[in-house]
Amino acid sequence: MLIGVITSKGLFAQTAPIHNVTKLFKVHCAQCHSEHRLGGIGPALLPENLKYLSKPEAINVVRNGRSATPMPAFKDKLGDKDIQSLVDFIYTPLAKIPDWNMANITASHVLYHKENSLPNKPILDVKDQLNLIVVVERGDHHISLLDGDTFNVVHRFKSRFSLYGEPKFSASGRFVYFSSRDGWISKYDIYNLKLVAEIRVGINTRNMAMSADGRYLMVANALPHTLVLLNTRDLSPIKHYQVKDLQGKSSRVSAVYTSPPGNSFFAALKDIPEVWEISYADEPPHGFGMWMHDYRVDSGENTKNKPFPLRRVQVSEYLEDFFFAEDYISFVGVTHAAKGQVIDMDVKKAIVPKIDLPGKPHFGSAVSLNYKGRKVLAVPNFRKGIISILDMESWKQVKEIKTLGPGFYMQTHKNSPYIWTDVFFGPDKDAMHVIDKATLEIVKTLRPAPGKKSAHVEFTRNGKNALVSIWDKQGEVIIYDSVTLKEVKRMPMNSPSAKYNVFNQTRYLKSKNYHKN
């Protein structure tokens, strides 16, 4: 078997025998990354896990190493052809879906500190512990804790490689939970500035959701095709779900969400036309997920559920990228054909089979707000330079906002008059649009760092300030007055991909869907 790289000069230029590459990998890489590339001390080296690392960047890392990590430089041991072969190899998909079962998960569990062994008092001397802002610096895999009152970095610590998805916070704001691309879940104590526990739940993780009562985390995996339930107290594993339909076809999990009113998790599946609902109630609803002739409680049928039962909701099309209505009874998702569809979980079917919007709407980053006496949803778009405004009763488009290009992140705060949205893709990636919530018109376009990507806005606790990320190795977090739109301060950061205010994340103050990823 040969592997190589497709170039402008033809297919698979500079191919290399697979057994030679396998030997190279085993000799030089397997000790840290495992023989099958599933990760160990170092991260998993699979194409699904390397989406944010280009091949030229990977060649540079192999050749010159990575500072502040155990990754050594191989330029004195390997020639250019061997380095190129290794990089081509790690970007080659595995022949079959790898396994990471309950035994693997349990064996990976590390408890650094018992929760009750650490003082319940913050070490950091800050005015407002809940106004801390957690900044993910993807460039060198660190977390910075930013004081939301002074805008000074008060602590910085190393994270797992390639954090992915929103972190989750305990209701008190004391604990934060991180997920990495290669399946590591970490619990960190912000009061004591210590890592509490870690566990590896998969090989390629999509996101996680926390139960409304804060007791459980559900983690969604693309590799293998699983959902994993954890106890938030110590990250010990509770249950492992193989994601398959009734005929045995397996599916990647696109994302998992939590529904506080229903005490349940929802999972969006990429490869089978189902939505899964898993109850985390102490006493699940009568007959939840069971086939019954009579659903009355007094019917006499055996309806005693095992803990964390599963209910399958059949849908007509594959759905992902959800936004839940405020009652959590209905949600809107996007189909593989890039059209919207609204599902009602009471009747368990689509109530709006098709929302025909241009491009590919990104419901997962949408913002809901009141506009002219009705509840509307502002939806960015992955493929078109537009924001679609949908009436959340009729699900009809009532307005379209033209932007400078396709966007990804959108954010607001209840105390802010504006919605902030980026132009994530295309030549105007350095632009940040500011939209008036009263008129739904762009009132200003900022270019915080010309030529560099601007993305991911977060607000301080009171909404007075908005923080913008500059996605660059020599990046910044730029603070603006959220009303006057004047710049307040610049903080040098290493590719600050995302920021999360503790209070906003725990109190769900912003008028957007906070139980999403």
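The sulfur of cysteine 29 lies 8.8 Å from the closest cysteine sulfur, that of cysteine 32, which is too far for a bond. A disulfide is a pair of cysteine sulfur atoms within 2.5 Å. The structure holds zero disulfides. Cysteine 32 is in no disulfide either.

This is a predicted model, in which local features need pLDDT of at least 70 and side-chain atom pairs count only at pLDDT 80 or more, while totals for chains, interfaces and linings use all residues. Residues are numbered from 1 along each chain as its sequence is written, and side-chain values use heavy atoms, with hydrogens and water left out.

**Cover**

Cysteine 29 is buried, at 13% relative accessible area. Cysteine 32 counts as partly exposed, at 28%.

Helices and strands come next. Both are DSSP runs, numbered from the N terminus: helices (H or I) have at least four residues, strands (E) at least two. Helix H4 spans residues 80–90 and is mostly covered. Eight of its 11 residues are buried. Among them are Ile83, Leu86, Val87 and Phe89. Asp88 is also on the buried list.

**Salt bridges**

A salt bridge is a side-chain nitrogen of Lys or Arg within 4 Å of a carboxyl oxygen of Asp or Glu. A search of the whole structure finds 26 salt bridges. Three of them are shown here.

| Pair | N to O distance | Relative accessible area |
|---|---|---|
| Aspartate 88 and lysine 55 | 3.4 Å | Aspartate 88: 4%; lysine 55: 26% |
| Arginine 160 and glutamate 198 | 3.0 Å | Arginine 160: 23%; glutamate 198: 5% |
| Lysine 402 and glutamate 400 | 3.0 Å | Lysine 402: 60%; glutamate 400: 29% |

Take the salt bridge of aspartate 88 and lysine 55. This pair links distant parts of the chain. Aspartate 88 is in helix H4, and lysine 55 is in helix H3 (residues 55–64), 33 residues apart. Aspartate 88 is buried, while lysine 55 is partly exposed.

Now take arginine 160 and glutamate 198, joined by a salt bridge. Arginine 160 lies in the loop between strands E6 (153–158) and E7 (168–169), and glutamate 198 lies in strand E10 (residues 194–200), so the pair ties together parts that are 38 residues apart in sequence. Arginine 160 is partly exposed, whereas glutamate 198 is buried.

In the pair of lysine 402 and glutamate 400, lysine 402 is exposed and glutamate 400 is partly exposed. Salt bridges can also form a network, as with Glu115, Lys187 and Arg233.

Strand E29 covers residues 432–436, and five of its five residues are buried. In a regular strand the side chains alternate between the two faces of the sheet. Both faces of E29 are covered. Met432, Val434 and Asp436 are buried on one side, His433 and Ile435 on the other.

Two strands pair if DSSP finds at least two bridges between them. Strand E28 (residues 418–422) pairs with E29 in the antiparallel sense over five bridges. Tyrosine 418 stands opposite aspartate 436 in E29. E29 also pairs with strand E30 (residues 441–446), again antiparallel and over five bridges. Here the bridge partner of valine 434 is lysine 444 in E30. E29 and E30 form a hairpin with four residues between them. Leucine 440, in the turn, has a positive phi of about 55°.

Conventions. Buried < 20%, exposed > 50% of the residue type's maximum accessible area, 1.4 Å probe, protein only.
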